[in-house]
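The sequence and the structure come first.

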Amino acid sequence: MKSWLSLRAILVCSLVAPLLALSAPAQAEKRVALVIGNNDYKNVPKLQKAVNDARTMGDTLKQLGFSVMVAENQTRQAFSQTLLAFDAAVEPGDTAFFFYAGHGFEIAGQNFLLPTDVPAASEGQEELVRDASVLADRIIERMQNKKVRTAILVFDACRNNPFERSGTRAVAGGGGLAPMTQLPEGVFSVFSAGPRQTALDRLSNTDDNPNSVFTRTFAKELLQPGENLVQVAQRTRRLVSEMAEGVKHKQIPVYFDQMVDDVFLNGIAKSEPAVAKAVEPPQKVAALPPVSVPRLPKEDSVNAPIAMFSRHNGGWTVVFSIMDPTLGISWRMGDSGDFRETGFLDSLDPRTRKRIPNPSIELAADAPAATIQVRYIDTSGELQGPFPIKFDPEAALIHDQRKILDMTATSWLSFREFNGLLVYYTHLMSYRCAIREVRIGVDSAVPDRVLKMPSCNTRDPSAIPSDAQPYLKLAPSTQFVSVELTYRDGSVSEIKSFRR
């Protein structure tokens, strides 16, 4: 473990990078995978479980419908030939999965995969390693060039410095991992251990599992139905870090999300209420076989209103969206009582040449869960409805605040200099009801510190308690802070970096 500290590198322990398709339309819908495991190194320490890890991932990917190519103990020449064969198997529109287990190394911010015949090297001989190894970034470029619909890359290469020898000065970087934070859009990267952390092969001397702690967990999570890759990475991180902590070791997998859409490898997300489906756009699925899309019940009109709920200090604003031009809108809470008109705006609808009905209503801050009945008069004078719209205050609050957080991500943190350097997270506190956990990393792209947040107050959700401290004091030399949110629904944000 000590040797890790002298090395800025042991590559990306585990990079998962779904690269969504480029602008060209998909021409194929198959899944192709290449898994590589290197144990038998000739000039650096041999490994025990890399080949097993590759075989396990190969079996896992076959269960997910991939056509899998398996390569073991690759020399530099064999490595190149294997990659060429993989290139030939991948076509535009495919889902491509690359997995590597073995030694990895970082030189000047670039990560390299080490073939089994990599030469021994000492201080000042980095070029020997660079020339004899495979650049990880190049694999991403190859997949981009093939115009795959989705590319997923996993590197389990977090081991001690393979070049360190007793009595010699080792090849090493500047002290820490080289996180792939500058990835192109559509890339999702996961590291199986954070900066200056080693990934465990086993939990104890009696741990006879044939796989590393990360791979055994990640492979299992990939098979969970209805989980997207973000959820897979999030659950893997929690489970691995808990297992490592149980044996007094620090290993916190981290990831960087540059994907545009969710990607599912084992079935689409669990079904949601019909109202939510009408509001939210459909999830994109990575090269899955065609699935049936639930249809709205026949009795539901395609012109039925939908509603957007927004919480403010005075209560709730509910905005109805109706496809048809309307001459009037009315509503009531529940299934009984009189309907109330929403009134009119001081503007004309060019479709009807009449005043536009007010599409919004106000509800009290303590309004209970209920069904709002909405009806409207169409341009022919016919009354349409009533249509039921469910109002769930807690769900609506979480959805509204989550939407605001997504739209204002550049405001999550802010720096101030006052008797020292401070970083404020007032914005996150104001919308904390949508947040389960906030993690930050100080001068690190790996958020490994939990910020304490006040509990959600549904009566005044945006108010910050008087005894809460919405800032942290930082060292004057601090250059940047990274932040990651875990939302109430379990989904995880991209890791955002904020510089002074």
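**Aromatic pairs and the chain around them**

Phe98 and Phe155 are both buried. They belong to a predicted model, in which nine aromatic pairs are found. The chain has 500 residues, and 49% of them are buried.

**Aromatic pairs**

- The ring centres of Phe98 and Phe155 lie 5.6 Å apart with the planes at 50 degrees, so this pair counts as tilted.
- For Phe214 and Phe218, the centres are 5.4 Å apart and the planes meet at 10 degrees, so the pair is stacked.
- Helix α6 (residues 213-222) holds both Phe214 and Phe218, which are four residues apart, or about one turn of the helix.
- Phe214 and Phe218 are both buried.

**Arginines over rings**

- Arg402 is placed over the face of Tyr487, 3.7 Å from the ring centre.
- Arg499 is placed over the face of Phe480, 4.7 Å from the ring centre.

**An open sheet and a helix across it**

- Strands β10, β11 and β16 form an open sheet of three strands in the order β10-β11-β16, with antiparallel pairing.
- The edges of this sheet are β10 (306-312) and β16 (360-364), each of which pairs on one side only.
- From one strand to the next, the twist averages 25 degrees.
- Strand β11 (residues 315-321) is joined to β16 by five bridges, and the two run antiparallel.
- Within β16, Ala364 is the residue opposite Gly315.
- Helix α9 (residues 393-407) lies across β10 and β11, and runs at about 80 degrees to β10.

**Totals for the chain**

- The secondary structure of the chain comprises 10 helices and 25 strands.
- Among contacts in the chain with a separation of 6 or more, 71% are between residues 24 or more positions apart.
- The chain has an accessible surface of about 24,000 Å², and carbon and sulfur atoms account for 50% of this area.

Key
Residues are numbered from 1 along each chain as its sequence is written. This is a predicted model: local features need pLDDT of at least 70, side-chain atom pairs count only at pLDDT 80 or more; totals for chains, interfaces and linings use all residues. Side-chain values use heavy atoms; hydrogens and water are left out. Rings of Phe, Tyr and Trp (its six-membered ring) pair if their centres lie within 6.5 Å; planes under 30 degrees apart count as stacked, over 60 as edge-to-face and the rest as tilted. Buried means under 20% relative accessible area, exposed over 50%, partly exposed in between (1.4 Å probe, protein chains only). A charge sits over a ring if NZ of Lys or CZ of Arg is within 6 Å of the ring centre and within 35 degrees of the ring normal. Contact means heavy atoms within 4.5 Å. Accessible areas come from the Shrake-Rupley method with a 1.4 Å probe; for residues, only the protein chains shown count as cover. Two strands pair if DSSP finds at least two bridges between them. Axes are lines fitted to C-alpha atoms, for helices over the stretch in contact, and angles run from 0 to 180 degrees between N-to-C directions.
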